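This report goes through one protein chain, from its overall layout to selected side-chain pairs. Please keep the sequence and the model open while reading.

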Amino acid sequence: MAGSENQWSSSWWMQFKVLLRRGLKERKHESYSGLRIFQVMTVSILSGLLWWHSDKAHIQDQVGLLFFFSIFWGFFPLFNAIFAFPQERPMLLKERSSGMYRLSSYYFARTAGDLPMELVLPTLFITVAYWMGGLKPSPATFVFTLLIILLNVLVSQGLGLALGAIVMDVKQATTLASVTMLVFLLAGGYYIQQIPPFISWLKYVSFSHYCYKLLVGVQYSETEVYECGGALVHCRVFDFPAIRHLGIGNMGWDVAALAVMLVGYRVLAYVALRMGQPR
C-alpha cells in the first residue's frame with residue numbers, strides 16, 4: 001500500500017493543476033483559432049440572415065431554427081472531441097509509463113480545461129443567431145435557450161471523447177460518429193413525427209431529441225397561438241403537428257436525461273482510457 005502511494009512524486013492536486021495549465025496553454029490557440037471563430041460566426045450570421053426576424057406566423061421556420069441549433073451544436077463539438085485522445089495517445093503513453101501522473105488527474109484536467117474552450121463559441125453563436133432570428137424577445141427565454149445549448153454541447157463533447165477513447169483511431173471514430181449523429185438527426189423529432197413503434201426507442205437515446213424538445217418547450221407556452229388559416233383564425237402552438245408529436249411535457253425529465261448522458265459518456269470515456277493505459 002505504501003509503495004503504491006510513494007510511486008507518485010507529487011500529489012493528485014498538484015498533478016491536476018500542472019496538467020490543467022499545460023492543457024489551457026496548448027489548446028487555447030486551437031480552440032480560438034481564427035479559422036474556427038470564422039467558421040462559427042459565419043454560420044451564426046448566415047442562419048440569422050436566413051431566419052431574419054421570423055415570427056409565429058411562420059412557426060415552421062422558427063421550429064426549424066431551433067432544430068438547427070440542436071443539430072449544429074451536436075455535430076460540431078462531437079467531431080472536435082473525437083481527435084482529443086487519439087492525438088494525445090503517444091504522449092500519454094510515454095508520460096504515464098514514466099510515472100509522471102495519474103490517469104485520473106490527466107482526465108479531470110483535460111475535462112476541466114475544455115469547459116472555457118468549448119462554451120465561449122456556442123455562447124457567441126446563440127447570442128447572434130437568437131436575436132437575428134426573431135425568436136421570443138425575452139431575456140429569460142434567451143438565457144434558458146443558451147443554457148440548454150451549452151448542456152447539449154457538453155453532452156455531445158462527452159460522446160466524442162468516449163468514441164475517441166474506445167476506438168483510438170481517428171478514421172474509425174469519425175465514421176462511427178457520423179453514423180451515430182445521422183441516427184440522432186433522423187430520430188430527433190423534426191423530420192419524422194410518426195416513428196414506427198419497433199424503432200421508436202432510438203429517439204430516447206438521442207441527445208438531440210431532448211435538446212430539441214427543451215428548446216421548443218422554453219420558446220413557447222401552452223397558451224400561445226399562431227395564425228393558421230388567415231388573420232382571423234388562430235391555433236394553439238402546441239397543436240402544430242411538428243410540436244404536438246414531440247410530446248412537450250415535464251421538461252425536468254428531458255434535463256435529467258441529458259444530465260445522465262453528460263455523466264455517462266464521460267465515465268465511459270474514462271473507463272475506456274483506463275482499460276487501454278498502464279496503471
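## Overall layout

In what order do the elements of the chain run from the N terminus on? The order is α-α-α-α-α-α-α-α-α-β-β-α-α, with eleven helices and two strands in the chain. Helices (H or I, at least four residues) and strands (E, at least two) are DSSP runs, numbered from the N terminus. The model is predicted: local features need pLDDT of at least 70, side-chain atom pairs count only at pLDDT 80 or more, and totals for chains, interfaces and linings use all residues. Residues are numbered from 1 along each chain as its sequence is written, and side-chain values use heavy atoms, with hydrogens and water left out.

The C-alpha trace spans about 80 × 45 × 30 Å along its principal axes. Of the 279 residues in the chain, 47% are buried. Buried means under 20% relative accessible area, exposed over 50%, and partly exposed in between (1.4 Å probe, protein chains only). Among contacts with a separation of 6 or more, 78% are between residues 24 or more positions apart; a contact means heavy atoms within 4.5 Å.

## Surface

The chain exposes about 13,800 Å², and carbon and sulfur atoms supply 69% of that area. Accessible areas come from the Shrake-Rupley method with a 1.4 Å probe; for residues, only the protein chains shown count as cover.

Phe198, Ile199, Trp201, Tyr204 and Val205 make a nonpolar surface patch of about 560 Å². Patches are made of residues with over 30% relative accessible area and no salt bridge; like charges are joined within 9 Å, and nonpolar side chains (Val, Leu, Ile, Met, Phe, Trp, Tyr) within 5 Å. Tyr204 is in the loop between α8 (170-186) and α9 (207-219).

## Buried positions

Leu161 is in helix α7 (residues 139-167) and counts as buried because its relative accessibility is 2%. Leaving aside residues up to four places away in sequence, Leu161 touches Ala81, Ala84, Phe85, Arg266 and Ala269. Arg266 is 105 residues from Leu161 in sequence, and their C-alpha atoms are 7.3 Å apart.

Gln15 belongs to helix α2 (residues 12-31) and is buried, with a relative accessible area of 4%. Its side chain makes a polar contact with the side chain of Ser105 at 3.0 Å. A polar contact is a pair of N or O atoms within 3.5 Å; within protein, one must be able to donate a hydrogen and the other to accept it, and residues adjacent in sequence count only if both atoms are side-chain atoms.

## Aromatic pairs

The whole structure holds 28 aromatic pairs. Rings of Phe, Tyr and Trp (its six-membered ring) pair if their centres lie within 6.5 Å; planes under 30 degrees apart count as stacked, over 60 as edge-to-face and the rest as tilted. Phe67 and Tyr190 form a stacked pair, 4.9 Å centre to centre with 15 degrees between the planes. The pair links distant parts of the chain, 123 residues apart: Phe67 is in helix α4 (residues 59-81) and Tyr190 in the loop between α8 and α9. Both Phe67 and Tyr190 are buried.

Trp131 and Phe142 form a tilted pair, 5.4 Å centre to centre with 40 degrees between the planes. Trp131 lies in helix α6 (residues 103-132) and Phe142 in helix α7, so this pair ties together parts that are eleven residues apart in sequence. Trp131 is partly exposed at 37% relative accessibility, whereas Phe142 is buried at 12%. Elsewhere, ring pairs link Trp12, Trp13, Phe16, Phe85, Tyr101, Tyr106, Tyr107, Phe108 and Tyr270 into a cluster.

## Salt bridges

How many salt bridges does a search of the whole structure find? The search finds five, a salt bridge being a side-chain nitrogen of Lys or Arg within 4 Å of a carboxyl oxygen of Asp or Glu. Glu88 and Arg110 meet in one of them at 3.2 Å, N to O. Glu88 lies in helix α5 (residues 84-97) and Arg110 in helix α6, so the pair ties together parts that are 22 residues apart in sequence. Arg110 also forms a salt bridge with Asp114, the closest N and O atoms being 2.7 Å apart. Asp114 and Arg110 both lie in helix α6, four residues apart, about one turn of the helix. Relative accessibility is 15% for Glu88, 8% for Arg110 and 3% for Asp114.

Asp239 and Arg236 meet in a salt bridge at 3.1 Å, N to O. Asp239 is partly exposed at 36% relative accessibility, and Arg236 is partly exposed at 34%. Salt bridges that share partners join Glu88, Arg110 and Asp114 into one network.
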